[in-house]
Structures are given as C-alpha cells and as structure tokens.
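Subject: Structure handover

Hello,

Here is the structure I promised to pass on. My notes on it follow below.

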Amino acid sequence: MRKLIVTAATVAFLASGGAAFAAAKHTTGTVKSFDGTAMSLVLDDGSTFTLSKAFKDPGIQAGEKVHVSWDMSGKKKIAEAVKIMK
C-alpha cells in the first residue's frame with residue numbers, strides 16, 4: 001500500500017512540473033514596430049512575436065512600453081496578449 005501511495009505521489013509531482021513548462025512566458029519592452037495586418041510585433045530588443053488569431057489590438061503604437069504574454073509554437077513566439085504599460 002505504501003509503495004502505491006509513493007508511486008502516485010511521484011506521478012502527481014511529475015505531472016504538475018510538466019504543466020509549469022507549458023505556462024505562458026512574459027516579456028516587457030518598448031515597441032519598435034507593430035503591423036496589425038501582418039500580425040507581427042517587434043520590440044526594441046529585437047524580440048519578434050507573431051500575434052495569435054484571437055489577438056485584440058489595445059491600440060499599440062511604436063515607442064510604447066508593453067507587457068507581452070507569449071508561448072512557443074515551433075520556432076515562433078506567439079503573443080497571446082499584449083498589454084500597454086502606463
């Protein structure tokens with residue numbers, strides 16, 4: 001019985017660690033360029049993001065400081081949300 005509990009606890013621990021790796025990443029920076037038609041965002045540090053299909057433009061303009069929530073899809077960074085910092 002003890003072996004079963006330890007095994008179950010180990011599996012639960014490892015499964016929760018996998019979920020942490022799937023969590024969105026976050027980046028803050030200044031907008032270098034934004035193209036709503038091409039669905040792309042470039043920050044002044046060179047970070048390039050493709051905007052998701054569900055993206056809603058909060059009025060992004062070059063020079064604004066933004067907080068980007070993103071995740072990887074293949075070799076592309078997909079921005080799920082972009083928030084203008086005040």
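Helices (H or I, at least four residues) and strands (E, at least two) are DSSP runs, numbered from the N terminus.

Some ground rules. This is a predicted model, so local features need pLDDT of at least 70 and side-chain atom pairs count only at pLDDT 80 or more, while totals for chains, interfaces and linings use all residues. Residues are numbered from 1 along each chain as its sequence is written, and side-chain values use heavy atoms, with hydrogens and water left out.

**The sheet**

The five strands make a closed barrel with mixed pairing, in the order β1-β2-β3-β5-β4. Neighbouring strands of this sheet are turned by 55° against each other on average, direction ignored. For the angles, axes are lines fitted to C-alpha atoms (for helices over the stretch in contact), and angles run from 0 to 180 degrees between N-to-C directions. Two strands count as paired if DSSP finds at least two bridges between them. Strands of a sheet pair through backbone hydrogen bonds, either parallel or antiparallel.

β1 and β2 run antiparallel, joined by four bridges. Phe34 has Leu41 in β2 as its bridge partner. Asp35 is bridged to Ser40 of β2. The two strands form a hairpin with four residues between them. Met39 in that turn has a positive phi of about 55°. Gly36 also sits in the loop between β1 and β2. Gly36 is partly exposed, at a relative accessible area of 37%. Its C-alpha atom is separated by 9.6 Å from that of Phe55, 19 residues apart along the chain.

β2 and β3 are antiparallel too, over three bridges. Ser40 stands opposite Thr50 in β3. These strands form a hairpin with four residues between them. In this turn, Gly46 has a positive phi of about 95°.

**Core and burial**

Which residues make up the largest nonpolar core? It has twelve in all: Val31, Leu41, Leu43, Phe49, Leu51, Phe55, Ile60, Val66, Val68, Trp70, Ala79 and Val82. The elements that give two or more residues to this core are β2 (40-43), β3 (48-51), β4 and β5 (76-84). β4 supplies the largest share, three residues. A nonpolar core here is a set of buried Ala, Val, Leu, Ile, Met, Phe, Trp, Tyr and Cys residues joined through side-chain atoms within 4.5 Å. Buried means under 20% relative accessible area, exposed over 50%, and partly exposed in between (1.4 Å probe, protein chains only). In soluble globular proteins, nonpolar side chains tend to be buried together.

Leu51 is one of the core residues. Leaving out residues up to four places away in sequence, Leu51 touches Phe34, Met39, Ser40, Leu41, Ala79 and Val82. Contact means heavy atoms within 4.5 Å. Ser52 lies in the loop between β3 and β4. Ser52 is buried, with a relative accessible area of 10%.

**Salt bridge**

How many salt bridges are there? The count comes to one. Lys25 and Asp71 meet through their side chains at 3.6 Å, N to O. Lys25 lies in strand β1 (residues 25-35) and Asp71 in strand β4 (residues 65-73), so the pair ties together parts that are 46 residues apart in sequence. The rule asks for a side-chain nitrogen of Lys or Arg within 4 Å of a carboxyl oxygen of Asp or Glu. Lys25 is partly exposed, at a relative accessible area of 32%. Asp71 is partly exposed as well, at 25%.

**After β5**

Met85 is found in the segment after β5. Met85 is partly exposed, with a relative accessible area of 36%. Met85 and Val66 are 19 residues apart in sequence and 5.2 Å apart in space, C-alpha to C-alpha. Not counting residues up to four places away in sequence, Met85 touches Lys65, Val66 and His67.

**Chain totals**

Buried residues make up 22% of the 86 residues in the protein chain. Of contacts between residues at least 6 apart in sequence, 45% join residues at least 24 apart. The chain exposes about 6200 Å², and carbon and sulfur atoms supply 61% of it. Accessible areas come from the Shrake-Rupley method with a 1.4 Å probe; for residues, only the protein chains shown count as cover.

Best regards
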